[in-house]
Amino acid sequence: MPSQLRIYVPDHPLIKHWLAVARDVNTPTVLFKSAMTELGRWLTYEATRYWLPTLELNVQTPAAVCPATVINPEVPIAVIPILRAGLGLLEGAQTLLPLASVYHLGLVRNEETLEPSCYLNKLPEKFAPETRVLIVDPMLATGGSMMAAMKELTNRGADPSLMRIISVVAAPPALQKLSLEYPGLNIYTAIIDESLDDNGYIVPGLGDAGDRTFGTL
Ligand code: PRP
Ligand code: URA
């Protein structure tokens with residue numbers, strides 16, 4: 001079992017392209033939403049490598065029997081979008097994981113204290129121990145929201161080593177917090193940015209991901 005936080009920044013032109021679109025302050029809401037969908041798709045593609053449970057079997061082609069690998073339908077897959085901004089990534093993730101259960105978790109940061117509070121929790125009481133859990137939230141800033149989400153998930157039996165987090169922009173404070181508490185966690189992000197400003201926003205970042213996704217700036 002890995003004992004160190006693993007942060008992957010996939011070197012993929014589509015991820016870089018859609019990150020550039022999302023970062024641009026002149027990108028209108030409708031295109032920003034498309035960028036989030038695409039980033040959700042490609043980051044999920046990267047994160048599901050070596051993570052999705054598979055079965056080896058034989059299939060009959062029109063010509064012969066041959067060995068094949070399929071996704072194991074017996075192992076539960078859960079996608080957890082952290083509202084609101086995580087909803088932007090969800091659609092892309094779902095195109096790759098159409099059979100996954102989606103459990104919404106609504107968290108919002110207090111603008112002054114930056115502490116998250118939970119206003120919606122649709123998590124199940126208990127996760128089966130083998131459940132693959134994909135958490136989707138585009139911004140890891142102070143890390144307070146993701147730490148709160150991890151607590152809710154692990155309290156319900158989710159195994160951090162079977163989790164994958166996808167984010168678009170991650171900042172060092174969040175990565176440090178997660179690494180101390182959850183060594184063995186795997187994070188896939190489009191970029192790691194340098195710092196936070198005095199209001200807890202990532203610099204250079206992409207602004208307020210929730211507001212830009214839903215046109216509530
Ligand atoms: C944003 C973002 C993360 C959180 C990250 O949500 O989507 O959940 O901030 O910040 P943190 O790492 O400092 O906790 P926000 O609270 O702005 O809510 P929203 O998605 O509804 O806009
Ligand atoms: N939440 C956002 O939406 N953007 C940031 O830069 C930090 C937190």
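Author: A polar contact is a pair of N or O atoms within 3.5 Å. The model is predicted. In it, a backbone N or O atom of Gly143 lies 2.8 Å from an oxygen atom of ligand 1.

Reader: Which side chains have an N or O atom at 2.8 Å or 2.6 Å from an oxygen atom of ligand 1?

Author: The side chain of Arg84 places an N or O atom 2.8 Å from a ligand 1 oxygen, and for the side chain of Thr142 the distance is 2.6 Å. On its own, ligand 1 has 500 Å² of accessible area, of which the protein covers 93%. Around ligand 1 there are 16 residues, and those that come nearest are Arg109, Asp137, Thr142, Gly143 and Ser145.

Reader: What surrounds ligand 2?

Author: The residues around ligand 2 are Arg109, Met139, Ala141, Gly200, Tyr201, Ile202, Gly207, Asp208 and Ala209. Backbone atoms supply several polar contacts. A polar backbone atom of Ile202 is 2.8 Å from an oxygen atom of ligand 2, and a backbone N or O atom of Ala209 also lies 2.8 Å from a ligand oxygen. For Gly207, a backbone N or O atom is 2.8 Å from a nitrogen atom of ligand 2. Taken alone, ligand 2 exposes 240 Å², and the protein buries 89% of that.

Reader: Why might Ile165 and Ile166 belong to separate cores?

Author: In a regular strand the side chains alternate between the two faces of the sheet. Apart from neighbours within four places in sequence, the contacts of Ile166 include Gly40, Leu43, Leu89, Leu134 and Tyr188.

Reader: Which strands pair with β11?

Author: Strand β10 is joined to β11 by six bridges, and the two run parallel; here Ala170 has Ile192 as its bridge partner. Strand β1 (residues 6-8) pairs with β11 in the parallel sense over three bridges, with Tyr188 as the partner of Tyr8. Strand β11 is mostly covered, five of its seven residues being buried.

Conventions: Residues are numbered from 1 along each chain as its sequence is written. Chains are lettered from A and ligands numbered from 1 in the order in which they are written. This is a predicted model: local features need pLDDT of at least 70, side-chain atom pairs count only at pLDDT 80 or more; totals for chains, interfaces and linings use all residues. Side-chain values use heavy atoms; hydrogens and water are left out. Contact means heavy atoms within 4.5 Å. A residue is near a molecule or strand if one of its heavy atoms lies within 4 Å of it. A polar contact is a pair of N or O atoms within 3.5 Å; within protein, one must be able to donate a hydrogen and the other to accept it, and residues adjacent in sequence count only if both atoms are side-chain atoms. Accessible areas come from the Shrake-Rupley method with a 1.4 Å probe; for residues, only the protein chains shown count as cover. Buried means under 20% relative accessible area, exposed over 50%, partly exposed in between (1.4 Å probe, protein chains only). Helices (H or I, at least four residues) and strands (E, at least two) are DSSP runs, numbered from the N terminus. Two strands pair if DSSP finds at least two bridges between them.
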